[in-house]
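Visitor: Please take a close look at the charged pairs in this model. Then set them in their surroundings.

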Amino acid sequence: MSERGYVLPLGFAMTVSMWALAYVFRLPLVAAPSWLLLISMLAAVAFWGWFTGARSGGGWLAGVLVGTTSAVLNMLILGSLLTSADGGGVVPSALVWVPGSIVVVALIAGVSASVAGEIEPVATPAAWTALFSKVAVAATFLLVVAGGLVTSAEAGLAVVDWPNTFGTNMFLFPLARMTGGIYYEHAHRLFGALVGLTTIVLAIRLWRRDERTWVHRLAAAAVALVVLQGALGGLRVTGGFTLSTSHADMAPNIVLALAHGILGQVFLAVMVAVACVTSSRWLNAVAPEKRPTFTNDRNLQRWLVLAVVVQLVLGAAQRHLAALLIVHISLAAVVILLAVMVGVRAWGMFRGVWPVERLGKTLVVLASLQGVLGIAALAVTGGEATVGSPTTVAVTITTAHQATGAVILAISVALALWTQRLFTQDPAAVR
């Protein structure tokens, strides 16, 4: 095939799924055996190889290309397995492991692609870009969850320096030393690097392939946000740009921690917006349908987005400073009621219109769930920012509460965008 626009989207998809498995299986709360992790990751390679063969029409070569791309991206974490625990540098076996891992992944993906039958028509370049955007959303959501776990487990300062990790290049920090809070914080940094790379590559693709100027600007905004987010995360630890590893040279900044936590959730919403506007359904949608309730729905949705952002700020203040709890709880009731109202209107008044109806249903469910999680989070933390050595239950509930808030913002943004794309005001309704 002369057009191989599937390689990067599927290569990143394979990588994100493998990293997700590795992250969950290596969590201190899970600690799955290494053999199970290995089998799961190889199964992910086989699945995406099969998917490549079935959807690209490129046969075994397509699988090899996608597998090779993923294996190269995995060099970002492979270094942790190839560095001696005593800090003595890269072990000699790296000369075998690096090319060997690329060959093995490429072969598994190639074989899987070769045995797959073409189950659907070959996707268009625009469809592959749409898939790439969805992969970026998945990677960003994983990063938000990882960041939430860092805060919930009180591991934000487990690594004293940045951009290095205890004086070692972050991509070469040995796996054997990633224990406890260090694992939470260092894995979060690695995910941040993957999300940053994914965002930049996706933006370049959009700048080259998408003709809409405003989409180019949206992609540029996403790149700017992910770079700023990375800097905020690092400066939150050090307080300034330094390569020192001494605690005496660090000035941890709680204000930057707040900004970092809030911006991460906003960034997820931005990536969801990119996924919406690059989707095939968006590109192929007909002219907006006239609806008498359009203006009211649009305004309610915009108010919801604003209210959720304010609530996320209050939530971050509570998590980091144990401040403004009463205001946070009071606004939570307003946000939940507003979210349910907006969701029910989208669910009932736009019945049969995908994805507006489905987003409305999702919003109602998430708003209800968030109320329950908020009560549970208050119960396990007692309204305090620091709970000593948090229990597994406390870490799980508070992280779920934070992640659900981020998803509600993303769904609210998506609903507002789709409503704007599919509908317009009926002139007869305003006469």
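**Salt bridges and their surroundings**

Guide: Glu289 counts as partly exposed, because its relative accessibility is 40%. Its partner is Arg291; the two form a salt bridge, with the closest N and O atoms 3.1 Å apart. Arg291 is buried, because its relative accessible area is 16%, and the cut-off for buried is under 20%. Keep in mind that the model is predicted.

Over the whole structure, a search finds six salt bridges. Side chains of opposite charge can pair when their charged atoms come close.

Next, Glu185 and Arg189. Their side chains meet in a salt bridge, at 3.1 Å from N to O. Both residues lie in helix 7, which covers residues 180-209. They sit four residues apart, about one turn of the helix. An α-helix has 3.6 residues a turn, so residues three or four places apart point the same way. Both Glu185 and Arg189 are buried.

Arg212 and Asp210 make another pair. Their side chains meet in a salt bridge at 2.7 Å, N to O. Arg212 is buried, and Asp210 is too.

Now a polar residue, Gln402. It is found in helix 14, residues 392-422. Gln402 is buried, because its relative accessible area is 12%, under the 20% cut-off. Leaving out residues up to four places away in sequence, Gln402 touches Val144, Gly148, Gln265 and Arg319.

The nonpolar side comes next. The largest nonpolar core has 108 residues. Within that core, Met14, Tyr23, Tyr184, Val356 and Leu363 touch the most other members. Take Val356. Not counting residues up to four places away in sequence, Val356 touches Ala346, Phe350, Leu415, Trp418, Thr419, Leu422 and Phe423.

Last, a check on one helix. Helix 2 runs over residues 34-56, 23 residues in total. At 1.5 Å a residue, helix 2 should span 33 Å, and its end C-alpha atoms are 32 Å apart, so the two values agree. Gly57 follows helix 2, with a positive phi near 75°.

Definitions and conventions:
Residues numbered from 1 in each chain as written. Predicted model: local features only at pLDDT ≥ 70, side-chain atom pairs only at ≥ 80, totals over all residues. Heavy atoms only, no water. Helix = DSSP H or I, 4+ residues; strand = E, 2+ residues; numbered from the N terminus. Expected span 1.5 Å × (residues − 1). Core = buried A, V, L, I, M, F, W, Y, C linked by side-chain atoms within 4.5 Å. Buried < 20%, exposed > 50% of the residue type's maximum accessible area, 1.4 Å probe, protein only. Contact = heavy atoms within 4.5 Å. Salt bridge = Lys/Arg side-chain N within 4 Å of Asp/Glu carboxyl O.
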